[in-house]
Amino acid sequence: MSASTRASSAAATQVLFDAPGPKGRRRILLLSVLSSLVILALIAGGLWQFAKNDQLDPNKWVVYLRADYLAFLGRGLVGTLQVTAVAAVVAFPFGLLLSLARLSRFTALSAAAATWIEFFRGIPMLLVVYAFLLALPAFGVTFPRFWMLVIPMILVSSATTAEVFRAGIKAVDRGQHEAAAAIGLSRRDSLVHVILPQAVRLVLPSLILALVTLLKDSTLGYVVSFNELQFQGKTMVSITRYLVQTYVVVSVIYIVLNFLLTRIALALDARMKARATAG
């Protein structure tokens, strides 16, 4: 990664967080070392307990190499990716619209957007899922299981990403607004062609985190019995009786997914920054 790219990434991160000073960096380093030692101790303790209770027996792990078991978990993985992709495709543009509405000069529109954002930012997604599972059917409103999971993900994620977009828009230098006005661009054209492209680049790291959060939120599919990865793991436990092994395998899949998502998004971020610099 080039120095300019690292500088751009640092600037983007500072949109939402203040850079720590020397004392803050030393404190972060100390806490990081202590946290790492605690985590290593917990992992060692866990492995010792697993070995003591015969959970590391190879016969209890090789079953997850069977084609039928892999296919079973694969169906859950496909379900997880589907709900995450659909939720992100709808929630992120919706969040952008909400942020624009909140920044609007029309008081009623701004107040309505602020109310929506604060409501869904403050309510746990699990409660929204239960509302679609239990409350709405009482009034005759029902959805397929897929949408009972995806719609709550969209509602909650759109509220949080709206604030991410708003922070990005407000972080664009005021001079960019003035320069756009100076060349005769209308407020709408200035927003679409000058401000939003820069704001999106600034908040891209935060959108990556939002995407990872959506992937984790998809595990609530077990509430509505949707066949995502977590639910498939739960079902597999009832088949194999191997609780530890199943959830370790499922956790490893989630970690690999999150890692790949982050790497892909960072590569996209670097490409966009390179294009902006070249342009």
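Here are legends for several close-up views of this predicted model.

Residues are numbered from 1 along each chain as its sequence is written, and side-chain values use heavy atoms, with hydrogens and water left out. Since the model is predicted, local features need pLDDT of at least 70 and side-chain atom pairs count only at pLDDT 80 or more, while totals for chains, interfaces and linings use all residues.

**View 1. Helix H4, one side in and one side out.** H4 takes in residues 107-122; helices here are DSSP runs of H or I with at least four residues, numbered from the N terminus. Its 16 residues reach 22 Å from first C-alpha to last, close to the 22 Å expected at 1.5 Å a residue (1.5 Å times one less than the number of residues). Look for Ser-110, Ala-113, Ala-114, Ile-117 and Phe-120: these are the buried residues of H4. They cover an arc of only 150° around the axis, which puts them on the same side of H4; the arc is taken from the directions from the helix axis to the C-beta atoms. An α-helix has 3.6 residues a turn, so residues three or four places apart point the same way. Over on the other side of H4, Thr-107, Ala-108, Thr-115 and Gly-122 are exposed. Buried means under 20% relative accessible area, exposed means over 50%, and partly exposed is in between, with a 1.4 Å probe and protein chains only. Helix H3 (67-102) and helix H6 (145-171) are among what covers the buried residues of H4.

**View 2. Where H4 crosses H6.** The two axes come within 8 Å and cross at roughly 120°. Axes are lines fitted to C-alpha atoms, for helices over the stretch in contact, and angles run from 0 to 180 degrees between N-to-C directions. On the H4 side, the contact is made by Trp-116, Ile-117, Phe-120 and Arg-121. H6 brings Leu-155, Val-156, Ser-158, Ala-159, Thr-160, Ala-162 and Glu-163. Contact, by the way, means heavy atoms within 4.5 Å. Sort these contact residues by type and you get 7 nonpolar, 2 polar and 2 charged. Ala, Val, Leu, Ile, Met, Phe, Trp, Tyr, Cys and Pro count as nonpolar, Asp, Glu, Lys and Arg as charged, and the others, Gly among them, as polar.

View 3. Ile-123 is partly exposed, with a relative accessible area of 23%. Not counting residues up to four places away in sequence, Ile-123 touches Val-128 and Val-156. Ile-123 and Val-156 are 33 residues apart in sequence, yet 8.0 Å apart in space, C-alpha to C-alpha.

View 4. Leaving aside neighbours within four places in sequence, Thr-246 is in contact with Tyr-64, Gly-233, Met-236, Val-237 and Thr-240.

**View 5. Positive phi at Asp-54 and Ser-225.** Asp-54 lies in the loop between helix H2 (22-52) and H3. Its phi is near 65°, a positive value in a residue other than glycine. Asp-54 counts as partly exposed, at 43% relative accessibility. Ser-225 lies in the loop between helix H8 (187-217) and helix H9 (229-240), and has a phi near 60°. At 34% relative accessibility, Ser-225 counts as partly exposed.

How values were computed:
Helix = DSSP H or I, 4+ residues; strand = E, 2+ residues; numbered from the N terminus.
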